[in-house]
Amino acid sequence: MFQRLAAIRGLSAAILFCSFWVSSPIGAQNNQNGNGAIEIIRASEAEYVTVGEGDEGIFILRGGIIVRSGMAYLRAETVKINTRTGEIFGEGKVSFEAGENRLSGEKFYFDNKHSAGVVYSSRAAADPFFLSGSVIKQIETNRYIARDAFFTTCDEKYPHYYFKAKKLWIYKNNEIAAISAIYYVGQTPVFYWPLLLQSDTGTGVITQYGNNLTRGHFLQNTWNFSNPAAEKNQFTPKKGKLMFDWYEKTGYLFGTVLQRDDPDLKYTFDLAISNFKARRTTTDSTGTTVVTNQVLQPDGSYGTSEYFWYKVRADVKGNLHRSLKDDSVTSAYARFQHYKHRNFELEFGERYEPDMTLNAIYRPRFTQQTLQTNILNWEAGITHTSKDTQISLRAIRQLAWYQASNDADSKYAPIYDLSPELTVSHRTYLVRGSEGFFKGIMNRIHLNSQFSRYYRDINSVPVKAFMRNDLFDQVSFYFAFLPWINFVPSAGLGTQYNYTDLDDPLLRREMARQTYGYLFTNNTLRIGYPLLYAQGVHVRRYSFADQGQDLTFNHDRAHAVTASVVSDLNPYALISFSATRDLRPYPIPLKEQERWSDLLSRTQADYDFIRGFTVNLYGLNQRKYNHFNGVGILNNAAYSIQFDTMNTNDFQFYYRLGGYRLPLMRELTLFKITSTYRHNFINIAESNLRLGFETDIQLHDFWRLRLALNSIADQFERYQSVNPAHVPFFDDLVKSLNPFDPNARNNRILNMESFFASIEHDLHKWLLRISFASNRRTIYTGTYLRDRTSFLEQTVFISFTLKDLGGLGLPYTEVYRYNPTDAGIR
């Protein structure tokens, strides 16, 4: 009886081993039936052979065997089961069937104890793919390997496309990886990948061709990949990408980005090398300005000057210790960046970067993405948090780029060090509050100690170094006299000590002036409800035991009151006004208005014509609602009380519409108009008007159109008819926004910053994208990159994206019309 039960368990395991080809619902059903009855429908002969004198035996079935478990069938000529080890061996026209899914081979082996097995000379058909290989092996649960694999998701008799790979891995969640994979269309090999991955974000393979004035012809290749094996390793990256770009005039780039995002370890490594070619501007025989990489050489001839550049960027954060019992965590972090040349991102940082490769979505860039990297920041630290206690220790180094007369000597050099900085903070309730007006007393102790050093010139010569220390103990009382009256008085005692050992009289005097003990208060009174309330904050710091006298304010180191009125109509709108009055005694009398800071006001409101008022509805990737039709405003104003005049006013307005079916199109996904008006009443030269437009239209199930435009007007007062240099607005608008005629854009008030147009066409498993972009660009020319040229550059892009392998990614992603990120009517 024991041997019989073991045989049944072995056959059940073998059937489940084969059923990995079945789709999730069937697979789940088989698992549910795994402990059910195993029915031997047909077997010409059954035999049990005992090995030795122990309990070990071999259960043998022969002759056209058909075994059923639920809706799954196993067929073979011979099946042998070792009842002690759990090993199962089958041969002779082996096949497994479950619904429309089928797996066949010459023979199979399965280890029931280790959930591992192999099928030889196998062929498998399961929605949505067909696979064959010399060997298909299960090496662990939910992980399989196929050798000499043939793989396709096309269900035609003669597949339109397929892959051949030396080795193929299949993981859980339909993730696959292949080595030495060749992609065929019909019988023609099209692409070769040394390593190909497919995950829920698609294949990650993106290739783009482009052409413009500064780079000539270029190819940008990106391969985004995921690493399923990282689930079992706490250090290896979970995802990343490889980049290889070739530019006719500027050289090439090879880079990689590796990322991991876990609760206990997060990091991003961004590494790249490039071969940069210097350029210059000149004119051709027709007088047209051109950019060439033939630059002046030291011997007076013209040729290419090439430079080896690199970049290293790292951002790492990990938990060294975490205790849920003690409610504590200790973590460390490090941020590092370095470039061989400050122009690295300027020349190679602007790349086509889609959000997801399965539909090649990306946001159009309105301006040049990157500028010169003149400042670098390095930082490392360790923090410990235990309930209400926080301790941190960190170091910072800031570097600046120095351009030397000999370009080869140019480099980044330190200009500032903060090393180290220690911060300790502890909060605790001295008295817990009650249900009455008294809500409690809280104590806060805070210590900050830091050593700073400043440097000058390319040799990093120290110019000053000093230590700052600040320690205070603060006690806060919390009162709520009525639901609409809240009062939080606080007071404390502290000391501030600053020191330098440099022989610098001015620095020593400043350090002495900033060394003292002090008493301080910080009191907050709020009257009203969030709908409308007034708030006052009074702050004062009075010093004693001063090491150096403050000749202006004596012992009043800080003394001010801030008054504000706020109407928080959440989630509808926000309106606020605030100003600060300086209460310190000045040596000379001041007028009342001279003691006040600017009066700041902020107004924000969003209104959706379908859902009424809302706030923060229209984020960058907003897909909360399928339909939206709304407007929004944001106004920030500063009024100078001292001079009794307006200072600045920034007004922003937008209108957005999306998610609607309109005539001649499948869906208007997005239509957006934005306007930003900045008026500087003191310096009119800083005033400007910005206009923006963006639309995303699905013309058809397989066609998508995208347009975007951004422009700026610096002398918009010329639109007024009374201005002697008056220009009609609409005439200026039409001419200035013409991306194809540079002469029409001359002497315009409204200047185009960027224009973008893209048409996308879904080609089964591929996405074709043709784009045109016109945007302002700055390049540095000459042998030593000392000359600067800015202009409006036109670029044409053509890209092909292999979205996914059909059915192995997210649901419905292989068909463009089911794009899950659409703000459509689904």
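Asp 644 is exposed, with 58% relative accessible area. Asp 644 sits in the loop between strand S37 (628-640) and strand S38 (645-658), and its phi is near 55 degrees, a positive value in a residue that isn't glycine. Keep in mind that this is a predicted model.

**Salt bridges**

- How many salt bridges turn up in a search of the whole structure? The search finds 29.
- One of them brings together the side chains of Glu 421 and Arg 394, at 2.4 Å from N to O. This pair ties distant parts of the chain together: Glu 421 belongs to strand S26 and Arg 394 to strand S25 (residues 389-402), with the two 27 residues apart.
- Is Glu 421 buried or exposed? Glu 421 counts as buried because its relative accessibility is 9%, under the 20% cut-off.
- Arg 394, its partner, has 28% relative accessibility, so Arg 394 counts as partly exposed.
- Glu 421 and Arg 394 also belong to a network of salt bridges that takes in Asp 315, Arg 335 and Glu 379.
- Asp 696 and Arg 704 meet through their side chains in another salt bridge, at 3.0 Å from N to O. Both of these residues are buried.
- Arg 456 pairs with Asp 457 in a salt bridge whose closest N and O atoms are 3.9 Å apart. Arg 456 is partly exposed at 47% relative accessibility, and Asp 457 is partly exposed too, at 30%.
- As a general point, oppositely charged side chains can pair when their charged atoms come close.

**Strand S26, residue by residue**

- Strand S26 covers residues 411-432, and Thr 423 lies in it.
- What kind of peptide bond joins Ser 419 and Pro 420? That bond is cis, with omega at about -5 degrees.
- Thr 423 has a relative accessible area of 16%, so it counts as buried.
- Which side chain makes a polar contact with the side chain of Thr 423? The partner is the side chain of Asn 448, at 3.0 Å.
- Leaving aside residues up to four places away in sequence, Thr 423 touches Gln 390, Ile 391, Ser 392, His 446, Leu 447 and Asn 448.

- Strand S18 (residues 280-283) and strand S19 (residues 289-292) run antiparallel and are joined by 4 bridges.
- Within this pairing, Thr 283 stands opposite Thr 289 in S19.
- S18 and S19 make a hairpin, with 5 residues between the two strands. Gly 287, in the turn, has a positive phi of about 85 degrees.

- Some background first: most residues other than glycine have a negative phi, and most peptide bonds are trans.
- Ser 180 is worth a look here, with a phi near 55 degrees, positive although the residue isn't glycine. Ser 180 lies in strand S11 (residues 176-185).
- Asp 644 also has a positive phi, near 55 degrees, but Asp 644 is in a loop, between S37 and S38.
- The cis bond between Ser 419 and Pro 420 goes on this list as well.

Key: Residues numbered from 1 in each chain as written. Predicted model: local features only at pLDDT ≥ 70, side-chain atom pairs only at ≥ 80, totals over all residues. Heavy atoms only, no water. Buried < 20%, exposed > 50% of the residue type's maximum accessible area, 1.4 Å probe, protein only. Polar contact = N/O pair within 3.5 Å; in protein donor to acceptor, adjacent residues only side chain to side chain. Contact = heavy atoms within 4.5 Å. Pairing = 2+ DSSP bridges. Salt bridge = Lys/Arg side-chain N within 4 Å of Asp/Glu carboxyl O.
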